[in-house]
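This briefing is for a reader who is new to the structure shown below.

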Amino acid sequence: METPPPIPRAARTLGYAGLLPLAACAAGIVLLPMHRAMLLEAGFGYAALIYSFLGGLWWGQSVALGHSSAWRFAVAVFPSLIAWGLMLLLRLGWTMQAALFALALAILLSPAVDLVLSRRQPTAPGWISLRLQLSAGLGLLTLVLAAL
C-alpha cells in the first residue's frame with residue numbers, strides 16, 4: 001500500500017479552529033449567564049454536528065478506498081444515529097447536561113474507530129495524532145459545557 005501524503009497545514013489549522021465554537025459557548029456561559037440555555041443548545045448542536053461529520057469521514061474513506069464491507073458503512077452511520085438519538089432524548093425529557101455528557105463520551109471514544117480503520121487501510125502521516133487531539137479537545141469542551 002502506498003502511504004498517503006501528509007495532512008495539509010490548512011486542514012490541521014482549520015481542524016483546531018473547529019474547536020472555537022464550543023470554547024465560545026463555554027466562555028459565553030461564564031460571561032453572559034442569562035443566555036446559558038441558548039449557549040448550551042448551540043454547543044450541543046455544534047458538537048453533534050461535528051460528531052456526525054466524523055461518520056461522514058469514515059464513510060468517505062471507505063468509498064474512496066473501494067471497500068465493500070458492510071460493517072465499515074454501518075460504523076460510519078453510528079455517529080449520526082447517536083447524535084439524532086440524543087436530540088430525541090432531549091425532546092423526551094433528558095437534561096441538557098446528560099445529553100452533553102453522553103455526546104462527550106461518544107466523541108472521546110471515536111478515535112478508537114480510526115485506530116481500527118488505520119490498521120486496515122493507509123492513513124496520512126499524523127492522522128491518528130490529529131484525530132486524538134481534535135477529539136480530545138471537542139470531547140473535553142463538551143464536558144465543560146455539561147459541567148456549566
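The model is predicted: local features need pLDDT of at least 70, side-chain atom pairs count only at pLDDT 80 or more, and totals for chains, interfaces and linings use all residues. Residues are numbered from 1 along each chain as its sequence is written, and side-chain values use heavy atoms, with hydrogens and water left out.

**P4 and its surroundings**

- P4 lies in the segment before α1 (9-17).
- Apart from neighbours within four places in sequence, P4 is in contact with P122, T123, A124 and P125, where contact means heavy atoms within 4.5 Å.
- P4 and A124 are 120 residues apart along the chain, and 4.9 Å separates their C-alpha atoms.

**Overall make-up**

- The protein chain has 7 helices and 0 strands; helices (H or I, at least four residues) and strands (E, at least two) are DSSP runs, numbered from the N terminus.
- The radius of gyration of the protein chain is 16 Å, close to the 15 Å that the globule rule gives for 148 residues, so the chain is as compact as a globular protein of that length.
- That radius is taken over C-alpha atoms, and the globule rule is 2.2 Å times the number of residues to the power 0.38.
- Along its principal axes, the C-alpha trace of the protein chain spans about 55 × 35 × 15 Å.

**Burial, surface and contacts**

- Of the 148 residues of the protein chain, 36% count as buried.
- The protein chain exposes about 8,200 Å², and carbon and sulfur atoms supply 73% of it; accessible areas come from the Shrake-Rupley method with a 1.4 Å probe, and for residues only the protein chains shown count as cover.
- Among contacts in the protein chain with a separation of 6 or more, 76% are accounted for by residues 24 or more positions apart.

**Helices α5 and α6**

- The axes of α5 (residues 96-109) and α6 (residues 111-118) come within 5 Å and cross at roughly 20°.
- That makes α5 roughly parallel to α6, a label for angles under 35 degrees.
- Axes are lines fitted to C-alpha atoms, for helices over the stretch in contact, and angles run from 0 to 180 degrees between N-to-C directions.
- I107, L108 and L109 of α5 make the contact with P111, A112 and V113 of α6.

- G60 is in helix α3 (residues 36-64), and at 34% relative accessibility G60 counts as partly exposed.
- Between G60 and F73 there are 9.3 Å in space, C-alpha to C-alpha, and the two are 13 residues apart in sequence.
- Q61 is also placed in helix α3.
- Leaving aside neighbours within four places in sequence, Q61 is in contact with H67, L117, Q121 and W127.
- Q61 and P122 are 61 residues apart in sequence, with 9.9 Å from C-alpha to C-alpha.

Notes
Buried < 20%, exposed > 50% of the residue type's maximum accessible area, 1.4 Å probe, protein only. Parallel < 35°, antiparallel > 145°, perpendicular 65-115°, else oblique.
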